[in-house]
Amino acid sequence: MATKKKNNTIKLNFDTVRNYAPALESKSAATIKPQYDLFINGKFEKPLSKKYFSTINPSNEEKLSEVAEANTADVNRAVKAARSAYEKVWKKMAAKERAKYIFRIARIIQEKARELSIIETLDGGKPIRESRDFDIPAAANHFFYYAGWADKLEYAFPNRNANPLGVAGQIIPWNFPLLMAAWKIAPALATGNTVVLKSAETTPLTALKLAEIIQEADLPAGVVNIITGGGETGAALVNHTDINKIAFTGSTEVGKIIQKATAGTNKKLTLELGGKAANIIFEDAALDEAVEGVINGIYFNQGQVCCAGSRLYIQESVAKEVIKKLKDRLESLIVGDPLDKNTDVGAINSRQQLETIQKYLKIGQQEGAEKYESSCALPQKGFWCRPTLFTNVAQSNRIAQEEIFGPVLAILTFRTDDEIIEKANNSPYGLSAGVWTDKGSKIFNMTKRLKAGVVWANTFNKFDPTAPFGGYKESGYGREGGLHGLMPYVNLSNK
Amino acid sequence: MSKTISVKNKSNSQRLEVLKTYKIYIGGQFPRTESGRFYTPLDATGKKLANVCLSSRKDFRDAVVVARNACSSWGNRAAFNRSQILYRMAEMLEGRKLQFIDELMQQGSSKIKAKEEVALSIDRLIYYSGWCDKYQQLFSSVNPVASSHFNFSVPEPTGVVSIIAPQSSSLLGLVSVIAPVIAGGNTCIVLSSETKPLCAITFAEVINSSDVPAGVVNILTGKVAELAPWFVAHMDVNATIYCEADKAMQKMFKEKSAMNVKRIFFYDKIDWTKEKGQSPYFIFDTQEIKTTWHPIEPIGASGGGY
């Protein structure tokens, strides 16, 4: 596979296609009903809107199911159920009992992990390897972690009592559907709040499966309500007057609208918004590992990750070598059927998102950057984008400034520490960043000066229920995960 | 001729008082407002307090520039050093107690109340001086992640904070909102109480003689209604603090804060004279939590995603 060249660098040879036998995960291990209603007050209820919309498999555009479109009246019903459950049941329940319900949900997710992974991949287009090894176990772990907090809140905030807020309205994105539901619901329940959660328009299915799990766990009716719909449903939830808390994960654009909409109300708000992470490679870094980290940083989940390492800064002295390695590695990524266990890069989540990505590919070229993409074949049907990188990118280029939310890497170079800090922090976003260097003092110098809520040093895209996650600046506020993730769901009062 | 007058004055034991010009405080200097405007707050009896700078949007913008420039040196300074500087502020305030008591009385306070307010303000600075190198341990965590990584979260200053100081509490309110913000390593631009601005400017003199680097605290005087929208709309301000219960104003703050996802805090239910008027949670408000990851094992063995 490898031929050794004179200058002692190894060139991988992909002329002969490395054929992997297809290793398809079986759809039969998952049950998807032809139609889903709204999960309100512990039951699946027909929508008052009487409307349903289809959800499709983005890798082949086949319809998977149809789900209810909640209108304002439906949102009202859900909030009413959540309020009643809060007042009558949940806030009165002993904290240790609350904990056990949440533990139960974690356990059932683990039991149904395979089914959930398959549905996540079918509905969202992400590789089964990612939903199986990351999304679903991480979702279960998140419930398990926060379950344990429920009866320990008096230890979380010194000299303060942590009181629940009431009803939390939660809106989640389509890139990690079940995991984002877990990130939202688990801390809210642990702190004694009840929930109305709206799943994303293009990926409603695992949230509805979670509703079934919640039913199975015998969670008191109304404590968690799960509704489906698009932007209008979300707006109805945000504007509802009997909600105490809004938690939103999504674009900065919508986040700003929500922040504005909550003006003049007492709703507590947390936002987890967009990002344009700088991933920085110094000349003394372990370059092969750095290349792996960069690839994982930008092509994980087709780059549809708010904390994706979409701006790569390479120290000039090693830029040529790193770019070559990246191009080689790009070529070896397996793009195709998300259900195939060999697949590295799956389908783009929706036609709309694909169009956005394609718009940026054009912009990048118009601005004078050099585009390089994998030569892989793409399936005929579905929404696909080749893993792509741009070289000769200028700091001011839109592909280096704006969040693309796709498998598109912008590569820039730098010379000095001060220069790279200036460039990396020169962004309205501040969600995440990456640093690659073998020098310990340099790592801490960089991680301290980077204005970002999560900094990965010699690694990238790692997540854990115990590790707080969230942004600086226009990437939002509030943290999810860890002790800090409790804060957005409580009012602190003096002891 | 002039000799005669001075002799005459002396003989009547009358000396013409030197009135203080109250100027604003930007970047460690005391300029007049660039607008050249002034307003004249009155005391309770309707007597003129002083001609005070009616600061403009441009003054505020200038202050944001110097506050931003001061951010990294102040935020990266040793916490112990910040602690000493806040302590120094308390020392300076202690030494000038009488002046503040005098000004508070001019602004309508009784002597007892004025003494109390100054004493509380000094103690509040001492309180936050002590927190400068302690809140980090209170609000940070080492996170026991399941993978083989060393993982920790620490608070860091959010950046530039704009503050509309409490309107009714001229000195204590001002000190209570500035101290936690700068103890946490932020820099700030503060609009003083509109009707009682004297202490704010005199407090700027305390700051100026306490080794607080230029630009860390900037103090303007002027009209809340005029300046508040700019305080919250500026794109290079990270957080805004407003201390009144005015619902329409709060709505305006929240709406404009959305432009750059500004952090916004309403301290409208706080009695600054009480114990509840001070806490490390005020420091926490203008902090960001940063989580840092590093592999524990040789990175090649940590199992990349691909």
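Helix H3 (residues 113–124) and helix H4 (residues 128–149) of chain A pack at an angle of about 120°, their axes 9 Å apart. The model is predicted: local features need pLDDT of at least 70, side-chain atom pairs count only at pLDDT 80 or more, and totals for chains, interfaces and linings use all residues. Residues are numbered from 1 along each chain as its sequence is written, while chains are lettered from A and ligands numbered from 1 in the order in which they are written.

**The helix pair**

- The angle of about 120° makes H3(A) oblique to H4(A). Angles under 35 degrees count as roughly parallel, over 145 as roughly antiparallel, 65 to 115 as roughly perpendicular and the rest as oblique.
- On H3(A), the contact is made by Ala113(A), Leu116(A), Ser117(A), Glu120(A) and Thr121(A). H4(A) contributes residues including Ile128(A), Arg132(A) and Ala140(A). Contact requires C-beta atoms, placed from the backbone, to lie within 7 Å.
- The residues of this contact divide into 6 nonpolar, 3 polar and 3 charged. Ala, Val, Leu, Ile, Met, Phe, Trp, Tyr, Cys and Pro count as nonpolar, Asp, Glu, Lys and Arg as charged, and the others, Gly among them, as polar.

**Between the chains**

- 37 residues of chain B are in contact with 47 residues of chain A.
- Strand S4 (149–157), helix H10 (247–257) and strand S10 (287–295) of chain B each give two or more residues to that side of chain B. Helices (H or I, at least four residues) and strands (E, at least two) are DSSP runs, numbered from the N terminus.
- S10(B) supplies the largest share, 8 residues.
- The side of chain B that touches chain A has 13 nonpolar, 16 polar and 8 charged residues.

Technical notes: Two residues are in contact if their C-beta atoms, placed from the backbone, lie within 7 Å. Axes are lines fitted to C-alpha atoms, for helices over the stretch in contact, and angles run from 0 to 180 degrees between N-to-C directions.
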